[in-house]
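Dear colleague,

I am handing over the structure below, and my notes on a pocket and a sheet follow it. Please read them alongside the coordinates.

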Amino acid sequence: MKSQFEVYLRLKPSNNQSQNSMQYQLYHNKRLQVLLPRNVKLGMINNSRDNLEFNFTHVFDQKSSQDQVFSKVTIPVINSFLDGYNATIFAYGQTGSGKTYTMSGAETWQLRGVIPRALSYIFDEIDKRTKFQYKIYISFMEIYNENAYDLLEKRHLEIPLEQWNKIALFEDDQNNIHLKNLSIHQCNNEQEGIDLLMMGNFIRQVSSTPMNQSSSRSHCIFTATLEGCDTTTDTYFVSKLHLVDLAGSERISKSQVEGNLLNEAKYINLSLTYLEQVIIALNERMKGANRQHIPYRNSLMTTLLKDSLGGNCKTVMIATISSENDNLEESLSTLRFSQRVGQLENEIRRNEKVDLEAVVKRLEQEKLVLIRELEQYQRGGTGNSNNKKQQFQQQILPQSNGMPLNKKQIQEKVELYLNEQVTQLDVQSYEDAQMCFEAMKDLYNTRMKEYVTELTFISEKLQKYDEILTRKKEQSSFLEQKENSSPENEIYKRNESQQINSKQKPNQ
Ligand code: ADP
Ligand code: MG
């Protein structure tokens, strides 16, 4: 199934109401027209134009609330995730434009962002989807200077960043990339999820190293992994949801930075440059260019998000821009990038596996119940005489309203007689006797009709069960043979390390 990337834009409220605000027009909350000031030099921008237009799935203006962003952007994504599809939401924009505000939120509960709201929604939905059994696992990492760190490792609260274990990527013999030193936490309810998120954010903020000034220079990936089982079909599925707060996208001028900062700028710029290169390569491939190689492996972030960018994943980008003219150049760069992303599409599929043995077992049990029901019918017992009696009263016996009392009484007597609740039928007159026969005939006809319908239904169902069972048994033995010949055919394997579907070699 094709899934076009969705790109949303969020405008950060202006700090002041001065003329320094960016001038723009918004059409139907989908098209943004930015009016270019005449006197501003805008680098590569063609100055002969006085406006530029950009299209989005939806534009959230300066007044939009956290709840609006959540409902419009996140709910459909999470529903997909709960249905078994991989999904990613990533925020992109210059530092200060509202990425963290959008993804994590501000201090108050009311201003919480996409991630905490997603956690509430996930657990509310799980409670509602009763025919599914779910397990949710959380991990949270930060990529800083081309190194990735676990944000849910409590020990990181006590030791400086230099001593933290870096997350290592390694490839197994089936070409899957695994992450070592990334903890995975099973999470049973919203509160546990929020606690993990808060711990991660806390570890990110308090580490006694350059980290505390660096939040804008690191990428953060919050990942929920779902293992689900549809108990009615014995289908198992696994999906991943990445909620990503990228580093600031600004191009830091080299003359402004030195020392450690220069190092950071180099890495951050590089990884975002590589992200851009990946998007450009994917765009070219979509337009038919012969591009076999997509340079995911140039940076850790693009390696980790390979599936989100060009694989099996429903991907959504939230571009955030400031509303000040001072930031116009950066905003235009974000807007242009988002247009490229918006052209991409991924091929998505549900990561599922049917437990054929369980299906066969369940079908055989259901078949047994049906056979027993059929036998009961053939023996003449309905198995549920009270129910049938009610049906008879509703269908055969006319309501007493407007009916001669003796007719109704006779019909009731006939029913009792046929149900062997009385042994005799007393009749006073020829008319009464005739009415008795009429009532018997009606009752007989209705019951026969019921029997025939029910019998046909059961036989058809049995026939279908036989067909399904035969098919499933064939599939099961086919798979067994196949598995015996290729022992590595294990679809979902999860241990301490997190598995990412990729055939790429890691870049470290
Ligand atoms: P980024 O993560 O992109 O560097 P932040 O999310 O930290 O930017 O936002 C910078 C500041 O602006 C924060 O104080 C944040 O609370 C505020 N802010 C960002 N977006 C909004 C918004 N849409 N509404 C209100 N305040 C916002
Ligand atoms: Mg931030």
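Helix 4 gives the largest share of the lining of the second largest pocket, seven residues, where helices (H or I, at least four residues) and strands (E, at least two) are DSSP runs numbered from the N terminus. This is a predicted model, in which local features need pLDDT of at least 70 and side-chain atom pairs count only at pLDDT 80 or more, while totals for chains, interfaces and linings use all residues. Residues are numbered from 1 along each chain as its sequence is written, and side-chain values use heavy atoms, with hydrogens and water left out.

The second largest pocket holds about 750 Å³ of space; on a 1 Å grid over the protein atoms alone, a pocket is an open set of points where a 1.4 Å probe fits, with protein on both sides within 12 Å along at least five of seven lines, and lining residues have an atom within 4 Å of a point. Among the 26 lining residues, Thr-100, Ser-104, Gly-105, Asn-201 and Gln-205 are the closest to the pocket's centre. Helix 2 (99–103) and helix 4 (190–206) each supply at least two residues of this lining.

Turning to the sheet, three strands form an open, antiparallel arrangement in the order 3-4-5, two strands counting as paired if DSSP finds at least two bridges between them. Strand 3 (23–27) and strand 5 (51–55) are at the edges with a single partner strand each, so one side of each has no neighbour in the sheet. Strand 4 (residues 31–35) pairs with strand 5 over five bridges, and Arg-31 stands opposite Asn-55 in strand 5.

Best regards

How values were computed:
Chains are lettered from A and ligands numbered from 1 in the order in which they are written. Grid points are joined across faces, edges and corners, and a volume is the space filled by probe spheres set on the points.
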